[in-house]
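User: I've just opened this one and I'm new to it. Can you walk me through the terms as we go?

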Amino acid sequence: MIKRDVNRILFLITLLLTVASCSTRKSVALLSPDDKAAAQVVASSPAAVSIVENLSGSVKLAADVAGKSFSSSGTVRIKSGEGVQIGIVPLGLFEVACLEFLPLNLRFINKLEKEYADVPYVSVDFLQKSGIDYSMLESVLLNRIFIPGGGAGNVETDFSYSVTPEHVVATTGEIDGIVYTFTVERATGNLVTTVGKHSSGATVTCTYGNFASLDGRPFPNTVSLVLGGVGKPASLTFRFSGLKTKNVSLTQRKVSSYDKISVGDIVDALGKMQ
């Protein structure tokens, strides 16, 4: 049962990457008085001023890729600038697999089969076409407002604004073919949606929900990612619990005795088991 579950996990994650699959900044005009008021709402958002650097806790992961779905419990560890680790723990028993988002590459570890694969972001077609890199993934999972290429940006020069009775929408200029839009609730200041649109047609939509206090600031316990526009649609939902931000370190998983394989090998082998 557990071996079958880890096979499904790895298959769907690798399928997500394989089938879903010098900067020029546009200047932003000086802000009008109304836009300055909107910019202040964004500047005061916890997503802009109360940045979460590190995170650890439990997670329930649900994936839907090309019509195939999967869910499992697990653990999450995020250390800003170093990596994101998602451990897969079916039935809450023991870790059978791990997905690591590292600054230069993705790493898949299958503990049951004692094998792993390192996948540079630049070698994944969908990530290239959608402009997804490590800094973007880290910022999205940590509920941050940011600009393409990383960093918080300047609310008065790096964004344009539109306003509804309930929300302020901040949009970045285009950098390397990608534009991000951030929707902030006016009543709470919470960042509730992030959308990335690439000139290739690829889109990444992140929706946040179930906000709860984390070290005195609201933080979403649900993060849902939807990938579209290139290849087949895919979604990935994280439901966090027991989150903490202190004394977080990445787990050093030793793979020296494991077989190193390609992500294509995982897809080919696991696809036959579905």
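This is a predicted model: local features need pLDDT of at least 70, side-chain atom pairs count only at pLDDT 80 or more; totals for chains, interfaces and linings use all residues.

User: What makes up the secondary structure of the protein?

Analyst: Six helices and 14 strands. Helices (H or I, at least four residues) and strands (E, at least two) are DSSP runs, numbered from the N terminus.

User: Why does Ile145 count as buried?

Analyst: Buried means under 20% relative accessible area, with exposed over 50% and partly exposed in between (1.4 Å probe, protein chains only). Ile145 has 5% relative accessibility, so it counts as buried. You'll find Ile145 in the loop between helix 5 and strand 7 (159-163). Across the protein, 49% of the 274 residues count as buried.

User: What does Ile145 touch, leaving out residues up to four places away in sequence?

Analyst: Its partners include Val42, Ala48, Phe159, Phe182 and Leu191. Contact here means heavy atoms within 4.5 Å. Ile145 and Pro46 sit 99 residues apart in sequence, yet their C-alpha atoms are 9.2 Å apart in space.

User: What makes a group of residues a nonpolar core?

Analyst: The set has to be buried Ala, Val, Leu, Ile, Met, Phe, Trp, Tyr and Cys residues, joined through side-chain atoms within 4.5 Å. The largest one has 56 residues, and Ile145 is among those with the most contacts inside it, along with Leu55, Phe101, Met136, Tyr161 and Phe238. Helix 5 (residues 134-141) gives the largest share of this core, five residues. A second, separate core has five residues, including Cys98 and Tyr116.

User: How big is the largest pocket, and what is its volume?

Analyst: About 230 Å³. A pocket is an open set of points on a 1 Å grid over the protein atoms alone, where a 1.4 Å probe fits, with protein on both sides within 12 Å along at least five of seven lines; lining residues have an atom within 4 Å of a point. The volume is the space filled by probe spheres set on the points, which are joined across faces, edges and corners.

User: Which residues are closest to the centre of the largest pocket?

Analyst: Of the 19 lining residues, they are Gly131, Ile132, Asp133, Gly149 and Asp176. Helix 5 turns up again, with the largest share of the lining, three residues.

Note on methods
Residues are numbered from 1 along each chain as its sequence is written. Side-chain values use heavy atoms; hydrogens and water are left out.
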